[in-house]
Amino acid sequence: MLQEFARTIRLDASPDAVWDAVLDVRRVASWLSIVRDVRDVDPPRRYAALLEDRLGPFAMRADLDITVEIREGRRMHVSAAGEDRQVASRIAATIELEVEPDGAGTSLEVSGRYEVTGKVATLGAGAIRKKGDRILQEFFDNASKELGGRGPAVEPVQSPSS
């Protein structure tokens, strides 16, 4: 089950402050309650973390390999993948973040895709999309609390699941 997303949030913090925040992998991970135990592998490029979540009857626990690529112009590409052998499921995500000046504040644009395969995917696209939307909303709510959200965020753009 593949799902794409794109959302922009407007923040009161300066572009430099937002960029510094998104460069801090532990800080960003703290914005997601399902990600725990972030560990350095080869910073600032590679990290490991634990994903723990419940979806329907499945309690998923996967060790994530995280790769961060810093790109020109306050842009970042993040990929994460992990497998839970207990429930025979895999999760993978690729995320693009871009920090742009926006009047007196900053716009944080986040887009990407995630895919869930294996037993957990048998719950169907609707259940997984709903859970993914809640996790994304949690990320933006926590980023907004820390960095001074202002104005409405652009609603997520989703593609049909593959």
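Asp 37 is not a glycine, yet its phi is positive, near 50°. Most residues other than glycine have a negative phi, and most peptide bonds are trans.

Before going on, a word on what we are looking at. This is a predicted model, in which local features need pLDDT of at least 70, side-chain atom pairs count only at pLDDT 80 or more, and totals for chains, interfaces and linings use all residues. Residues are numbered from 1 along each chain as its sequence is written, and side-chain values use heavy atoms, leaving out hydrogens and water.

How confident is the predictor? pLDDT is its confidence in each residue, from 0 to 100. The protein has a mean of 90, and 92% of its residues reach 70 or more. Over residues 154–162, however, pLDDT stays under 50.

Now to the sheet. Its 7 strands form an open sheet in the order β1-β7-β6-β5-β4-β3-β2, with antiparallel pairing. Two strands count as paired if DSSP finds at least two bridges between them. At the edges sit β1 (2–11) and β2 (35–42), each pairing on one side only. From one strand to the next, the twist averages 20°.

Let's walk through some pairs. β1 and β7 (residues 105–118) run antiparallel and are joined by 10 bridges, with Glu 4 standing opposite Arg 113 in β7. Next, β6 and β7 pair antiparallel over 14 bridges, and there Glu 98 faces Glu 109 of β7. The hairpin of these two strands has 2 residues between them, and Gly 103 takes a positive phi near 60°. Then β5 and β6 pair antiparallel over 10 bridges, where Met 76 has Leu 97 in β6 as its bridge partner. This hairpin has 4 residues between the strands, and Ala 88 has a positive phi near 45°.

Two loops deserve a stop as well. Pro 44 sits in the loop between β2 and β3, and the peptide bond from Pro 43 to Pro 44 is cis, with omega near 5°. Arg 74 is found in the loop between β4 and β5. Although Arg 74 is not a glycine, its phi is positive, about 55°.

What about the helices? Helix α1 (residues 15–23) packs on the sheet, touching β1, β4 (58–71), β5 (75–84), β6 (89–102) and β7. Contact here means heavy atoms within 4.5 Å. The direction of α1 makes about 165° with that of β6. Such angles run from 0 to 180 degrees between N-to-C directions, with axes fitted to C-alpha atoms, for helices over the stretch in contact.

Helix α3 (residues 125–147) lies across β1, β3 (46–55) and β7, at about 20° to β1. Which residues of α3 are buried? They are Ile 128, Lys 131, Gly 132, Ile 135, Leu 136, Phe 139, Phe 140, Ala 143 and Leu 147. Buried means under 20% relative accessible area, exposed over 50%, and partly exposed in between, using a 1.4 Å probe and protein chains only. Those buried residues pack against β1, α1, α2 (25–30), β3 and β7. Just after α3, Gly 148 takes a positive phi of about 75°.

How values were computed
pLDDT is the predictor's confidence in each residue, from 0 to 100.
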